[in-house]
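Hi there,

Here is the structure I promised to pass on to you. Please open it and have a look around before reading my notes below.

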Amino acid sequence: MCMDQAASAISDPIRREVLRMVRDAPRTAGEIAGAFSVTRPAISRHLRVLRAAGLVVDQARGRERVYRLEPAPLQAVEGVITSFR
């Protein structure tokens with residue numbers, strides 16, 4: 001995925017918190033949504049942005065979707081940031 005997409009995706013505080021959640025363990029969309037005071041459709045949009053940036057991968061488990069972190073795009077962002085030090 002594009003480094004610019006990943007950088008844009010992590011610019012939002014809710015999306016960063018979602019990434020922290022799925023970093024620790026895979027989570028269902030319901031678990032993720034339950035951790036925030038915003039609407040479920042808003043969380044769905046955030047998850048869509050994270051998927052499009054390649055930062056999360058989802059898998060169907062019955063009627064639910066389970067999300068896990070995909071850290072590779074973050075390495076590209078980290079490389080750019082490191083180059084400015």
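At what angle do the axes of α2 and α4 cross? They cross at roughly 75°, and the two axes come within 10 Å. Since angles of 65 to 115 degrees count as roughly perpendicular, α2 is therefore roughly perpendicular to α4. Do keep in mind that this is a predicted model.

From α2 come I14, R15, V18 and L19, while α4 brings I43, H46, L47, V49 and L50. Sorted by type, the residues of this contact are seven nonpolar, one polar and one charged.

Now for the sheet. Three strands form an open sheet in the order β1-β3-β2, with antiparallel pairing. The edge strands are β1 (27–28) and β2 (56–61), each of which pairs on one side only.

Helix α2 (residues 13–24) packs on it and touches β1, β2 and β3, with its direction at about 90° to that of β3. Helix α4 (residues 40–52) packs on the sheet too, touching β2 and β3, and its direction makes about 115° with that of β2.

Happy exploring!

Methods. Residues are numbered from 1 along each chain as its sequence is written. This is a predicted model: local features need pLDDT of at least 70, side-chain atom pairs count only at pLDDT 80 or more; totals for chains, interfaces and linings use all residues. Side-chain values use heavy atoms; hydrogens and water are left out. Two strands pair if DSSP finds at least two bridges between them. Helices (H or I, at least four residues) and strands (E, at least two) are DSSP runs, numbered from the N terminus. Contact means heavy atoms within 4.5 Å. Axes are lines fitted to C-alpha atoms, for helices over the stretch in contact, and angles run from 0 to 180 degrees between N-to-C directions. Angles under 35 degrees count as roughly parallel, over 145 as roughly antiparallel, 65 to 115 as roughly perpendicular and the rest as oblique. Ala, Val, Leu, Ile, Met, Phe, Trp, Tyr, Cys and Pro count as nonpolar, Asp, Glu, Lys and Arg as charged, and the others, Gly among them, as polar.
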